[in-house]
Amino acid sequence: MYLTNVRILKVFSSYKFRFCIAFIVVLSFWQIFRAITNSNKQKLIHSPRVLNHDNSLMANSVKDMTYLPVGVYYEALCPDSRNFILQHLVPSFNKAPNSFDIEFVPYGKAKTHENADGSITFACQHGPIECQANKIHSCATQHIKDKNVLVKYVSCMIDNNYDPEMIGMFCAKKYNVNWNKIYACSEGKEGELLLKKNGEATDKLWPQVSFIPTILINHEQPRQASVLKDFWGVACSYFPPESKPAAC
């Protein structure tokens, strides 16, 4: 009996036995970790945005799986912004208008200056006319509640934005939008504050903006060269099978 106990103790204290036990424990933890990781990877977030520019699209909460959030950080007179909106964003939206939640953030590489008298001025990459246009676009995003109409209005304006007031009025009439409200906003303190918030949202992006437009899809920046070349194809890759648009 004594010899048997000694043999058992030798087995339990042997290096090989302890190694086996350690291996089993590590393997078990690894399997648990993989199960948790795989579960998290399958949770693709698709939610309509919370209207809070302070945190932009990054602060959205998950509400449903209906819409793919898209953030368009652009400038009203930027040729590349115009090309993306007219040649990629609008055609994609028209293919699946009930599948996207688009947030327009006009600002780009502008600079904000808060003056001693409390006023706010801006220096825009394409000059003062772009600052005026950016304010009108900002006010449009605030006061046009119908997302379909907003996409049409922004694309209408950016097609020919060199006289922002004239084109803003024209597009408002075309889509039955209250131009007086948008214009008053753009000329007053509200327009200043909205454009300032757009600048804060743009500056918070990570990676930082190096090219305009910068596009967010599902709260992240995919490879921008791919997005600007084939927005529809990249966007389709984000939809889970159960909510993928038929046109994808």
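## Disulfides

In this predicted model, 4 disulfides are counted. If the bonded cysteines of the protein are numbered in sequence order, they pair as 1-2, 3-6, 4-5 and 7-8. Three of these links are described below, one after another.

## Cys124 and Cys131

Cys124 is joined to Cys131 by a disulfide, with an S to S distance of 2.1 Å. The torsion about this S-S bond is about 120 degrees, so the disulfide is right-handed.

## Cys139 and Cys185

Another disulfide runs from Cys139 to Cys185, and here the S to S distance is 2.0 Å. The torsion about the S-S bond is -80 degrees, and the link of Cys139 and Cys185 is left-handed. This pair connects distant parts of the chain, 46 residues apart: Cys139 sits in helix H4 (residues 128-143) and Cys185 in helix H7 (residues 179-187).

Are the two cysteines buried or exposed? Cys139 has a relative accessibility of 0%, so this residue counts as buried. Cys185 has a relative accessibility of 2% and therefore also counts as buried.

## Cys236 and Cys248

The sulfur atoms of Cys236 and Cys248 are 2.0 Å apart and form a disulfide. The torsion about their S-S bond is about -85 degrees, so this disulfide is left-handed. The pair links distant parts of the chain, with Cys236 in helix H10 (residues 231-236) and Cys248 in the segment after H10, 12 residues apart.

Cys236 is buried because its relative accessible area is 8%, under the 20% limit for a buried residue. Cys248, with a relative accessible area of 36%, is partly exposed, as this value lies between the limits of 20% and 50%.

## Strands S1 and S5

Strand S1 (residues 68-74) and strand S5 run antiparallel and are joined by 4 bridges. Which residue of S5 stands opposite Val70? The residue is Ile217.

Strand S5 covers residues 214-217. Thr214 and Leu216 point one way from S5, while Ile215 and Ile217 point the other way. Residues on both sides are buried.

## Helix H8

Helix H8 (residues 189-203) has 15 residues. From its first C-alpha to its last, H8 reaches 21 Å, close to the 21 Å expected at 1.5 Å a residue.

The buried residues of H8 include Gly191, Glu192, Leu194, Leu195 and Lys196. Asn198, Gly199, Ala201 and Thr202 of H8 are buried as well. What do the buried residues of H8 pack against? They pack against strands S1, S2 (100-106), S3 (111-114) and S4 (120-123), and also against helices H4 and H7. H4 and H7 are also the helices that hold Cys139 and Cys185.

Ser81 lies in helix H3 (residues 79-95). Its relative accessible area is 0%, so Ser81 is buried. Leaving aside residues up to four places away in sequence, Ser81 touches Tyr74, Glu75, Ile158, Ile212 and Pro213. Among these contacts, Tyr74 belongs to the residue range of strand S1, 68-74.

Cys78 has a relative accessibility of 5% and therefore counts as buried.

How values were computed. Residues numbered from 1 in each chain as written. Predicted model: local features only at pLDDT ≥ 70, side-chain atom pairs only at ≥ 80, totals over all residues. Heavy atoms only, no water. Buried < 20%, exposed > 50% of the residue type's maximum accessible area, 1.4 Å probe, protein only. Helix = DSSP H or I, 4+ residues; strand = E, 2+ residues; numbered from the N terminus. Pairing = 2+ DSSP bridges. Disulfide = S-S within 2.5 Å. Expected span 1.5 Å × (residues − 1). Contact = heavy atoms within 4.5 Å.
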